[in-house]
Amino acid sequence: MSPHDLALLCQKQLQYTKHLNYMLQQTSSDVLEKQAKISEQLYSQGTAKALEGIPIAFKDNFCTLGVPTTCGSRMLLNYVPPYNATMVEKVLEAGALMIGKANLDEFAMGSGSTDGCHGPVINPWSMVTTPSGERLSPSVADQSSDGSDWFVAGGSSGGSAAAVAAGACLASFGSDTGGSVRIPASYCGLVGLKPTYGLLSRHGLIPLVNSMDVPGIFTKTVTDSAIILNAVAGHDNKDSTTVQESHTPIQIDEDIDISKLNVGIPKEFYVPGLSEEVVTVWREIADLLEKAGARVTEVSMPHSRHCIICYHVLCCCEVASNFSRYTGIEFGLRCGSEESTEELYAENRHHGFNDVVRGRILAGNFFLLRRNYERFFLKAQRIRRLISNDFKNAFSAGVDFLLTPITLSDAPSHSWFIQKDSRTRSAEQDVVTTAANLAGVPAISLPLKLSRQNLPLSLQLMGPRFSESRLLSLAHWIENEVQFQHLDLDFHSVEESAENQFQFNDVIRK
Ligand code: GLN
């Protein structure tokens, strides 16, 4: 398929699935088609770059030059950045087509993409099945009008995940601070990669928790994930936390010798509330690896049970500090009365932020009070070290990778999800994801099979820092073994859907 046809096809998918509410800003067809034509020329001259003509979307917390970047918050509804985030810059330099900005939870705080000011994202798999088993095509308005329901896309990068699952682009970027790429990848049946902290630049990614934020990648296949990663990884002068060395391209080892691998099953990740279906798939993949000759052993990561609380204390503290910039003076909504500076700040911040954000700012300021600093912030820092040491100990005892669940079940229904308050939701949804962020290790969410409700079930693989090459090679091996059936929304003629494999290797090879 040519870049031009591909761009048209993605736009068509986007058009058909618009009601899923995953895309906030869409690049105009004229611009896309013009760029696709240029890509086509470069292919024919043999000078196409690594991502030439590949449609890619970005979560709306990556700064995009001249394109609004709202973070799903009223606070930034009018913010138009004067520069591109390094991730955006790098994919554009590599020839990709930016198709739009994707919906999210406000300032990336959440696990369902139900909390942004632009409304919830609907999981594209809802178009195939509903909780009662029939096929429908819900829109956000449906629930309030006739009580029908849908499945959540997962968050906070749910818009980016839904965009790839619905076929509106071949890859997308999200941000993963505590699981926000891996959870939506799991619910939407995608490969979701959270790279090692420091491998990808965060310059221009509007910060949530600086000590944990990483850009993450959504694709349908592991190979696609490696291609994107290679195009964007490595040192960035504008982000001092990035690796110093230049990036050695990741090679997927097609002949990985599974019998040489030692895979750890951390017993503490067998958490209360895990659905029987997730436990089964966990056992099945462990068995698959064992049959192929891997040593699969139970390991202990004793501090894992503290991850959620540790994550939340540190998250709130960094949020309290980071979000002090949104006063309505330099950044953000200005709507307050100007009687006093305090009142102006308070009103701007009250109207600009939702209660999730306000709650975290308040909690963070409380944890950071002089009398609380040691009890909360310092203690959480120490626990973080212990959590990180659990990983070091497992890896230095000979474990190559850890295999764990990623979400407790398949995608929950929207009505069930929003019954609980945001803190409970995060505590439940992020229970196995935050560990990788606290330790800075790479983790990948891999779709494996469909649940009884016909929704994706996934697992997580984690490895030592900078082990992406081997991690992706193992993920690729499992992917080949399980042959997960991706969502095919089937909006096209038979002829079109036969071509419509969404694997951009083909485009690149042409
Ligand atoms: N759900 C977590 C939170 O709300 C993770 C968010 C993220 O990874 N951006 O903090």
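1. The axes of helix 9 (residues 307-322) and helix 12 (residues 374-396) cross at roughly 130° and come within 9 Å. Axes here are lines fitted to C-alpha atoms, for helices over the stretch in contact, and angles run from 0 to 180 degrees between N-to-C directions. Helices (H or I, at least four residues) and strands (E, at least two) are DSSP runs, numbered from the N terminus.

2. This is a predicted model, in which local features need pLDDT of at least 70 and side-chain atom pairs count only at pLDDT 80 or more, while totals for chains, interfaces and linings use all residues. Residues are numbered from 1 along each chain as its sequence is written, and side-chain values use heavy atoms, with hydrogens and water left out.

3. The crossing of helix 9 with helix 12 is left-handed; a crossing is left-handed if the near helix is turned anticlockwise from the far one by less than a right angle, and right-handed if clockwise. On the helix 9 side, Cys307, Cys310, Val313, Leu314 and Cys317 take part. They meet Phe376, Phe377, Ala380, Gln381, Ile383, Arg384 and Ile387 of helix 12, where contact means heavy atoms within 4.5 Å. These residues divide into 10 nonpolar, 1 polar and 1 charged. Ala, Val, Leu, Ile, Met, Phe, Trp, Tyr, Cys and Pro count as nonpolar, Asp, Glu, Lys and Arg as charged, and the others, Gly among them, as polar.

4. Helix 1 (residues 3-16) packs with helix 2 (residues 29-45) at an angle of about 150°, their axes 7 Å apart. That makes helix 1 roughly antiparallel to helix 2. The crossing is right-handed. Residues of helix 1 in this contact include Pro3, His4 and Leu8, and those of helix 2 include Leu32, Ala36 and Tyr43. The contact residues divide into 6 nonpolar, 4 polar and 3 charged.

5. Helix 8 (residues 276-291) and helix 16 (residues 468-482) have axes that come within 12 Å and cross at roughly 105°. Helix 8 is therefore roughly perpendicular to helix 16. Ile285, Leu288 and Leu289 of helix 8 touch Leu474, Trp477, Ile478, Glu481 and Val482 of helix 16. The count is 7 nonpolar, no polar and 1 charged.

6. An open sheet is formed by 11 strands in the order 1-3-2-4-6-5-10-11-9-7-8, with mixed pairing; two strands pair if DSSP finds at least two bridges between them. Strand 1 (23-26) and strand 8 (295-299) stand at the edges with a single partner strand each, so one side of each has no neighbour in the sheet. From one strand to the next, the twist averages 30°.

7. Within the sheet, strand 5 (residues 191-194) pairs with strand 10 (residues 443-450) in the antiparallel sense over 3 bridges. Leu193 has Ile444 in strand 10 as its bridge partner. Helix 5 (residues 158-165) packs on the sheet and touches strand 1, strand 2 (55-59), strand 3 (97-102), strand 4 (171-176) and strand 6 (214-219). The direction of helix 5 makes about 160° with that of strand 4.

8. Two backbone details deserve a look. The peptide bond from Gly155 to Ser156 is cis, with omega near 10°, and Ser156 lies in the loop between helix 4 (140-146) and helix 5. Asn454 is not a glycine, yet has a positive phi of about 70°; Asn454 sits in the loop between strand 10 and strand 11 (456-462).

Technical notes:
Angles under 35 degrees count as roughly parallel, over 145 as roughly antiparallel, 65 to 115 as roughly perpendicular and the rest as oblique.
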